[in-house]
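Subject: Structure for you to look at

Hello,

My notes follow below it.

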Amino acid sequence: MSISGCPFKYDGIMSTQYGLIITNIDTDSKKTKIDGKKTYTTINLPSNNKFYMMGRQIKEPLTFDIEITKSESNTALSDLQQRNIVKWLFDRVGYHKFEIMNKDYAGLYFNCYFTDEESLNYGVGCIGYKFTVVCDASWAWENPKTYTYSFTTLPFTINFINNSDYEDYLYPQSVVITCGTTGGTISITNKDDNNKVVQFTGLVANEVITITDLGQISSSIGNSRINNWNGNRFKFRNKDNHLYVEGDVKTIQIAYQNVRRVSY
């Protein structure tokens, strides 16, 4: 997908405020990255001289060079505009959302910072910048989504579909479980992940349990529930995940974010 000629948004600010669009002057739009660097671990068995994959590790985030220039080629950025743009784009601490305003990129963004910036100066003056985009991951992100499942009868099976572009497990940003009027023991079994069970015991009526993507757990009643939890985290295979829900569960809310691999 070509993004040359597209405006963009960074940290909530539109590039059209300065008349800037994405262009290709020194960069090559025909050669674009879609992933960060990975390494693969393999083993060779002398018995058949065949290699077997033992693992894969992401080593570097996605980075790529990009250029932005004035949409009107015969005009330059003023000194005040240049100072404001440098402060907005380059003098930043932390990662920020970079959105390409094109229908093919709707709902997608890179979480990144910009570095190695260079001014593009031509006859009329500074018309834009060339810089490197450094992402917080090896890919782009889809905007976060939340599914809420409500139950009137249990046990019940729900189907969570993981269609992320990352082949490995999807760890949800959070899973929030709300008990009904009884509490007690609740269990959620992923039938498509070797029947892995997430279980809590000794819960009280209307208690709300939250588990984050880092495995942190909290309860609405303020008690530590580590000793009431079997320690298994929610994670989903890259396919349909049928979750068998047992116990006094009123709702389960799953917040997650899909990996999206796109060429810029």
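Accessible areas here come from the Shrake-Rupley method with a 1.4 Å probe, and for residues only the protein chains shown count as cover. On that basis the protein chain exposes about 14100 Å², and carbon and sulfur atoms supply 47% of this area.

Two notes on the source. This is a predicted model, in which local features need pLDDT of at least 70 and side-chain atom pairs count only at pLDDT 80 or more, while totals for chains, interfaces and linings use all residues. Residues are numbered from 1 along each chain as its sequence is written, and side-chain values use heavy atoms, with hydrogens and water left out.

Overall form

The protein chain holds 20 strands and 1 helix; these are DSSP runs numbered from the N terminus, with helices being H or I of at least four residues and strands E of at least two. Its C-alpha trace spans about 75 × 60 × 30 Å along the principal axes.

Of the 264 residues, 41% count as buried (buried is under 20% relative accessible area, exposed over 50%, partly exposed in between, with a 1.4 Å probe and protein chains only). Among contacts with a separation of 6 or more, 70% come from residues 24 or more positions apart, a contact being heavy atoms within 4.5 Å.

Charges

There are 27 positive and 27 negative side chains, and the centres of the two sets lie 4 Å apart. Lys and Arg count as positive and Asp and Glu as negative, without His and the chain ends; each charge is placed at NZ of Lys, CZ of Arg, CG of Asp or CD of Glu.

Loops

D91 sits in the loop between α1 (79–89) and β7 (96–100) and is exposed because its relative accessibility is 61%. Its C-alpha atom is 38 Å from that of T41, 50 residues away along the chain.

Most residues other than glycine have a negative phi, and most peptide bonds are trans. The bond from L154 to P155 is cis, with omega near 5°, and P155 lies in the loop between β11 (145–150) and β12 (156–161). N194, in the loop between β14 (184–190) and β15 (196–203), has a positive phi near 55° and is exposed at 71% relative accessible area. N206 has a positive phi near 65°, lies in the loop between β15 and β16 (208–212), and is partly exposed at 48%.

Regards
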